[in-house]
Amino acid sequence: MLNDKILSGKHILIGVCGGIAAYKIPDLISKLVKLGAEVKVVMTHAATEFVTPLTFQSMSHNPVAVDMFSEPVAWEIRHISLAQWTDTLLVAPATANMIGKLANGIADDMLSTVAMATRSQVLVAPAMNTAMYENAATQANIKTLKERGIKIIEPAEGRLACGDSGKGKLADIDVLLNSLIYEVAFEKDLSGKKVLVTAGATVESVDPVRFLTNHSSGKMGIEIARAAQLRGADVTLVCGNISVETPMGVNVIKVKSAQDMFDACVSHQKEADVIIKAAAVADFKPKDVADNKIKKEGGFEGVIRLEQNPDILKYLGEHKPAGQILVGFCMETQDLIENAKKKLDKKNLDMIVANSLTEPNAGFKSDTNTVTILDKTGKIEALDNMSKFCVAQELLDRVVKCL
Ligand code: CTP
């Protein structure tokens, strides 16, 4: 996802207050700009003691606003034009003082005035000493802001700059980034929908040391879960072995074997509006799992007897509640479309995403994929090679139409 310009055309205003965590904000701006956003910065005077306006100007490629009464770049009433320009305002780090001003309608500097003048969503990321954060006045002010629809990005716990340990650290930059992406990037066309996604490889034990698995990295399923969450869905991700981090805001259930994945899927099947099964499930498992490590010199004959795992998708198709959308994947090395059609039919799917292992820049471990989407009406759409996040968006566009 981080290579896609998902914030292209979006306007993000960052309000920086005077706290030590201000030094982390240039990194956030860099990430936003890489995603295509246009970023502007408003600083309080105290913030300029920690990081210079020039730093933010260089990172955002835009002038930085600090003074209410300095010469504007063009004729404009700057606090109003910034307030109207932005799609969302993030105040980070937000000091106790600024939180107090926002809660009590005090507009006595550029940032508090812009915050009051904007009709866009305001996000506030507090960062301060634990005692200040826990102070009754701060907590009451935060409660007031929440009641007025301002979103608070909770501070993290840890060692603070003052030497104390506790709650009050600015939330991780990736949490701020994800909150901004969630706010502005996508229409919430899956809002109110429950989406169950599976990802990664199942793992079947041979003995306490060895196991059977496959090359799946889980990237495709992870990007589907991420995209669905960013489109407003309540996402549950059942994942086996994966080599990437799970997305924020998603309910993750870690499983090992195909049987574990089967149990997790079946227990969430009924409530799901959409199920997308991107996991690479092991079709077979060892018939007998040795209790102890199999030794070279213990009469091992070199044979591991296998038995079939349950076909999870087939079971879900056979027990599909009315109105639910069920999507499968299929990974082939030959006769891609023919095999995909058979699986679509046999497993009672609404859609199947077919990918060939022989395509360049596609399949296991790659960040991109080339897929063909088939649906039960007989439609077959071959998509170009694109990032797995974009494949996920294409798939969800089609799911939304079915819903
Ligand atoms: N699948 C599943 N349970 C299994 C095997 C596969 O739920 N035991 C799901 C996969 O998650 C995928 C779809 O079925 O969504 C197709 O998987 P694939 O491995 O392509 O095909 P199989 O049905 O296993 O058939 P084959 O291995 O013979 O190609």
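Predicted model: local features only at pLDDT ≥ 70, side-chain atom pairs only at ≥ 80, totals over all residues.
User: By class, which residues make up the side of domain 1 that touches domain 2?

Analyst: Domain 1 covers 11–184 and domain 2 covers 194–402. Salt bridges between domain 1 and domain 2 number 0. By class, the side of domain 1 that touches domain 2 holds 3 nonpolar, 1 polar and 1 charged residues.

User: Which three residues supply 83% of the area that domain 1 buries against domain 2?

Analyst: About 450 Å² is buried between domain 1 and domain 2, and carbon and sulfur atoms give 67% of this area. More than any other three residues, the suppliers of 83% of the area buried by domain 1 are Asn178, Ile181 and Tyr182.

User: Why is one side of β3 and of β6 left without a neighbour in the sheet?

Analyst: The open sheet has 6 strands with parallel pairing, in the order β3-β2-β1-β4-β5-β6. Strands β3 (64–65) and β6 (151–152) stand at the edges, so one side of each lacks a neighbour because each has a single partner strand.

User: Which residue in β6 is the bridge partner of Leu123?

Analyst: Strand β5 spans residues 121–126 and runs parallel to β6, with 2 bridges joining them. In β6, the bridge partner of Leu123 is Lys151.

Conventions
Residues numbered from 1 in each chain as written. Heavy atoms only, no water. Domains from an automatic or database assignment. Buried area = accessible area lost by both parts, 1.4 Å probe. Salt bridge = Lys/Arg side-chain N within 4 Å of Asp/Glu carboxyl O. Nonpolar A, V, L, I, M, F, W, Y, C, P; charged D, E, K, R; others polar. Pairing = 2+ DSSP bridges. Helix = DSSP H or I, 4+ residues; strand = E, 2+ residues; numbered from the N terminus.
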